[in-house]
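Below is a briefing on a single protein chain. Please read it alongside the coordinates.

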Amino acid sequence: MIQPIVAGVYRVPGVVANCYVLTGTDGVDVIDAGLPYSHRQILAFLRRLGREPGAVRQILITHADRDHVGGAAALRAATGARVVAGPLEGAAMSEARETRRIGLPGPMRGAFEAASTLLFARVTPVAPDTAVNDGDELIGVARLRVLHTPGHTPGHMSYFAPDLGVLFAGDSLRSFGGRLRASFGANTDNEVQAQESAWRQLTLNPEVILAGHGTPVWTK
Ligand SMILES: [Zn+2]
C-alpha cells in the first residue's frame with residue numbers, strides 16, 4: 001500500500017525536483033516533470049498505483065527550470081496529456097531555456113553558463129498546450145486555482161487545490177526539514193517578489209504545502 005500525502009496526492013519517489021501526482025476517479029494530474037528521463041519513474045509509479053499512462057490528463061508545470069520540465073515532453077508523448085504552464089515560462093519551455101539568468105559573481109559565471117548549456121542540451125523543448133494566468137481555475141482531477149507567484153522566476157505559477165487544502169508551490173517556497181522559506185539566493189530572479197508571493201500563498205491557508213524541493217509542510 002503506497003501512502004498518499006493526503007487522499008489521492010502522492011510524491012513520485014526518485015524524481016528531482018519533486019513531482020506530485022493527483023489521482024481521482026476521472027484520471028491523474030501530474031505537477032512538474034523532473035529532470036530529463038524522469039517520465040520513466042513517473043510512469044512506473046503510476047503503474048504501481050494501478051494507473052495506465054493514458055489516465056494522465058494534465059501535466060502542470062510551475063516554471064521552466066530544467067529540473068521541473070525535463071521529463072515533460074516524453075511524459076506528454078507517453079500519455080497524450082496536455083501540458084499546462086504560464087505564458088512566460090511556457091515561451092521559455094518551447095525553446096528549452098530558463099526565464100532568468102542565475103546571478104553568480106563574474107569569475108564563476110562563465111563556467112556555470114557553460115555547464116548549464118550542456119545540461120540544457122538534454123532538455124527537449126515542450127510547447128504548452130494550454131497557457132494559464134493568475135486566477136484561472138482548472139477543472140482536472142480536483143479544482144485547481146492558478147496563482148502567479150513570481151520571484152524564483154518571473155513567470156512562476158503555483159497551483160492551489162482549495163477542496164483538498166493542498167498548495168503545489170513549485171520553487172516559490174522551499175521546504176527545509178518542515179520549515180518554509182521564500183525562494184532566495186543566486187537562483188532567485190527577484191527576492192522581493194519572492195517574499196510577496198510567499199505571503200500571498202500563505203494567506204490562502206493551505207493545510208499542506210508541497211514545494212519543489214524538500215518534504216511536505218503541514219500548517220495545522
Ligand atoms: Zn527552480
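**Ser 38 and its surroundings**

Leaving aside residues up to four places away in sequence, Ser 38 touches Val 15, Val 16, Ala 33 and Gly 71, where contact means heavy atoms within 4.5 Å. Ser 38 sits in the loop between β3 and α1. With a relative accessible area of 5%, Ser 38 is buried (buried is under 20% relative accessible area, exposed over 50%, partly exposed in between, with a 1.4 Å probe and protein chains only).

This is a predicted model, in which local features need pLDDT of at least 70 and side-chain atom pairs count only at pLDDT 80 or more, while totals for chains, interfaces and linings use all residues. Residues are numbered from 1 along each chain as its sequence is written, and side-chain values use heavy atoms, with hydrogens and water left out.

**Whole chain**

- The protein chain has six helices and 14 strands; these are DSSP runs numbered from the N terminus, helices being H or I with at least four residues and strands E with at least two.
- Its radius of gyration is 16 Å, close to the 17 Å that the globule rule gives for 220 residues, so the chain is as compact as a globular protein of that length. The radius is taken over C-alpha atoms, and the rule is 2.2 Å times the number of residues to the power 0.38.
- The C-alpha trace spans about 50 × 35 × 30 Å along its principal axes.
- Of the 220 residues, 51% count as buried.
- Among contacts between residues at least 6 apart in sequence, 63% join residues at least 24 apart.

**Helix α3**

- Buried residues in α3 (residues 72–79) are Ala 72, Ala 73, Leu 75 and Thr 79. They are on the same side of α3 because they cover an arc of only 165 degrees around the axis, the arc being that of the directions from the helix axis to the C-beta atoms.
- The cover over these buried residues includes β3 (27–31), α1 (39–48), β4 (56–60) and α2 (66–69).
- Gly 80, which follows α3, has a positive phi near 80 degrees.

**Backbone geometry**

- Most residues other than glycine have a negative phi, and most peptide bonds are trans.
- Val 16 and Ala 17 are joined by a cis peptide bond, with omega about -10 degrees. Ala 17 lies in the loop between β1 (9–11) and β2 (20–24).
- Ala 96, although not a glycine, has a positive phi of about 50 degrees. Ala 96 is in the loop between α4 (87–94) and α5 (106–120), and is buried at 15% relative accessible area.
- Asn 205, also not a glycine, has a positive phi of about 55 degrees. Asn 205 lies in the loop between α6 (191–202) and β13 (208–211) and counts as exposed at 56% relative accessibility.
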